[in-house]
Amino acid sequence: MFFFHPNKAEWKPVGCYKNSVRALAEILKVKSKSISSRYAACMSEADGKGITLFGMDDNRCWIGENTDSTYSKYGTSGLCKKTKKGLYYGLSEHDTMRVYMKDVQGNYLGRLMSEYWLICFSSPSRFTTCHAN
């Protein structure tokens, strides 16, 4: 038997995207030098403004209108980088950004989660049965 707890609202990486001609056109004003402090500042500022999606490169955080439909309009990119701590970011010199999305209802990318714990039983045939508690 094992337990699942529903996800709380949190920021999740969506992917690396081209930001040429500014798919996300507005700069979210944050002051920070390191990638990790910029990420934390972008999350905090976005949370405070009710923003649910932002892009981040090595210098800035990007936001815009209709972000759900615009962030990917120029396609994906393989030019994002990763810090030693596992945080991804885009490169301004290549017009790329790492996009982060906030799942405000615990349903990140369409996963249905309930408000309750799920109790799951694994049978010898490896089937799993779950019941809401």
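Is D57 buried or exposed? D57 is buried, with a relative accessible area of 2%, where buried means under 20%, exposed over 50% and partly exposed in between, computed with a 1.4 Å probe on protein chains only. This is a predicted model, in which local features need pLDDT of at least 70 and side-chain atom pairs count only at pLDDT 80 or more, while totals for chains, interfaces and linings use all residues. Residues are numbered from 1 along each chain as its sequence is written, and side-chain values use heavy atoms, with hydrogens and water left out.

**Helix α1**

- Helix α1, a DSSP run (H or I, at least four residues), covers residues 35-49 and reaches 21 Å from its first C-alpha to its last.
- The buried residues of α1 are I35, R38, Y39, C42 and A46; seen down the axis they fall within an arc of 100°, taken from the directions from the helix axis to the C-beta atoms, so they line one face of the helix.
- Just after α1, G50 takes a positive phi of about 75°.

**Salt bridges**

- The structure holds five salt bridges, each a side-chain nitrogen of Lys or Arg within 4 Å of a carboxyl oxygen of Asp or Glu.
- R22 pairs with D95 at 3.5 Å between the closest N and O atoms; R22 lies in the loop between β2 and β3 and D95 in the loop between β7 and β8, so the pair ties together parts that are 73 residues apart in sequence.
- K49 and E45, whose closest N and O atoms are 3.7 Å apart, both lie in α1, four residues apart.
- D57 meets R60 in a salt bridge of 3.3 Å, N to O, and R60 is partly exposed at 25% relative accessibility.

Technical notes. Helix = DSSP H or I, 4+ residues; strand = E, 2+ residues; numbered from the N terminus. Expected span 1.5 Å × (residues − 1).
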